[in-house]
Amino acid sequence: MTKLNELAPREGSTKGRMRVGRGPGSGKGKTSGRGVKGQKSRTGVSINGFEGGQMPLHMRMPKRGFNNPFRLEFAEVNLWRLEQAVATGKIKKGAELGAAELVAAGVIRRELDGVKLLGKGEIKTALKLTVYSATEAAIKAVEAAGGSVTVTKKAKAQAEA
């Protein structure tokens, strides 16, 4: 049995680091493979992206669009995912579900800015859902199964508009 202090990588699988500046016989002595003079022969070189005065590639490429720092990100849930969670016993039939309950059941990873209910798949179980927003198809499908969908913030935004 191998002991922890005897562990080592397989023979020939790793290579030792190059020891530079150790005399002319080593092949990496004197200037240590950096050539003679200039910025790159010295420490603290910071010329990544510099193209000799030509406009660098990252500045030549067109910039498009706009990243809104205030945009909301939603955890999206499809109907088939809810039905799957009911079938596996993670959600009880007729349960009242909000974002926290969906995270606890493992349906979504995290709440983000809210939950958006999407209409992909079908649902046969009656559930009471409280979500940030939902598509028309999803609301109709949940209500057809005997459940209800309460939309929270989207309704307020539409009322203000």
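Q: Which residues does Gly-94 touch, not counting residues up to four places away in sequence?
A: The model is predicted. In it, Gly-94 lies in the loop between α2 and β2 (96–97). Leaving out residues up to four places away in sequence, the residues that Gly-94 touches are Ala-126 and Leu-127.

Q: Is Gly-94 buried, partly exposed or exposed?
A: Buried means under 20% relative accessible area and exposed means over 50%. The relative accessibility of Gly-94 is 40%, so this residue counts as partly exposed.

Q: What distance separates the C-alpha atoms of Gly-94 and Ser-148?
A: Along the chain, Gly-94 and Ser-148 are 54 residues apart.

Q: Is Thr-125 buried or exposed?
A: Thr-125 belongs to the loop between β3 (115–118) and β4 (128–131). A residue is buried when its relative accessible area is under 20%. Thr-125 has a relative accessibility of 7%, and therefore counts as buried.

Q: Which side chain is joined to that of Thr-125 by a polar contact of 3.2 Å?
A: Leaving aside neighbours within four places in sequence, Thr-125 is in contact with Glu-83, Val-86, Lys-93 and Ala-145. Among the buried residues of helix α2 (residues 79–87) are Glu-83 and Val-86. The polar contact of 3.2 Å joins the side chain of Thr-125 to that of Glu-83.

Q: Against which elements do the buried residues of α2 pack?
A: The buried residues of this helix are Leu-79, Arg-81, Leu-82, Glu-83, Ala-85 and Val-86. The elements they pack against are β1 (75–78), α3 (99–105), β3, β4 and α4 (136–144).

Q: Which residue with a positive phi follows α2?
A: Helix α2 covers residues 79–87. The residue in question has a phi near 85°, and this residue is Gly-89.

Q: Which element supplies the largest share of the largest nonpolar core?
A: The largest nonpolar core has 26 residues, and those with the most contacts inside it are Leu-82, Ile-91, Leu-102, Val-107 and Leu-117. At least two residues of this core come from each of β1, α2, α3, β3, β4 and α4. The largest share, four residues, is supplied by α2.

Q: Which residue stands opposite Leu-117 in β5?
A: Leu-117 is one of the residues with the most contacts inside the largest nonpolar core. Leaving aside neighbours within four places in sequence, its contacts include Val-77, Leu-82, Leu-129 and Ala-134. Two bridges join β3 to β5, which run parallel. In β5, the residue opposite Leu-117 is Ala-134.

Q: What is the bridge partner of Glu-76 in β3?
A: β1 and β3 run parallel and are joined by four bridges. In β3, the partner of Glu-76 is Lys-116.

Q: How many salt bridges does a search of the whole structure find?
A: Glu-51 forms a salt bridge with Arg-60, their closest N and O atoms being 3.0 Å apart. Glu-73 forms a salt bridge with Arg-71, and here the closest N and O atoms are 3.2 Å apart. The number found in the whole structure is two.

Q: Is Arg-71 buried, partly exposed or exposed?
A: Its salt-bridge partner is Glu-73, which is partly exposed with a relative accessible area of 39%. The relative accessibility of Arg-71 is 48%, so Arg-71 counts as partly exposed.

Q: How far apart in sequence are the parts that the pair of Phe-74 and Tyr-132 ties together?
A: A search of the whole structure finds one aromatic pair. The ring centres of Phe-74 and Tyr-132 are 4.8 Å apart and their planes are at 40°, so the pair is tilted. Phe-74 lies in the loop between α1 (57–60) and β1, and Tyr-132 in the loop between β4 and β5 (133–134), so the parts tied together are apart in sequence by 58 residues.

Notes. Residues numbered from 1 in each chain as written. Predicted model: local features only at pLDDT ≥ 70, side-chain atom pairs only at ≥ 80, totals over all residues. Heavy atoms only, no water. Buried < 20%, exposed > 50% of the residue type's maximum accessible area, 1.4 Å probe, protein only. Polar contact = N/O pair within 3.5 Å; in protein donor to acceptor, adjacent residues only side chain to side chain. Contact = heavy atoms within 4.5 Å. Core = buried A, V, L, I, M, F, W, Y, C linked by side-chain atoms within 4.5 Å. Salt bridge = Lys/Arg side-chain N within 4 Å of Asp/Glu carboxyl O. Phe/Tyr/Trp six-rings, centres within 6.5 Å; stacked < 30°, edge-to-face > 60°. Pairing = 2+ DSSP bridges.
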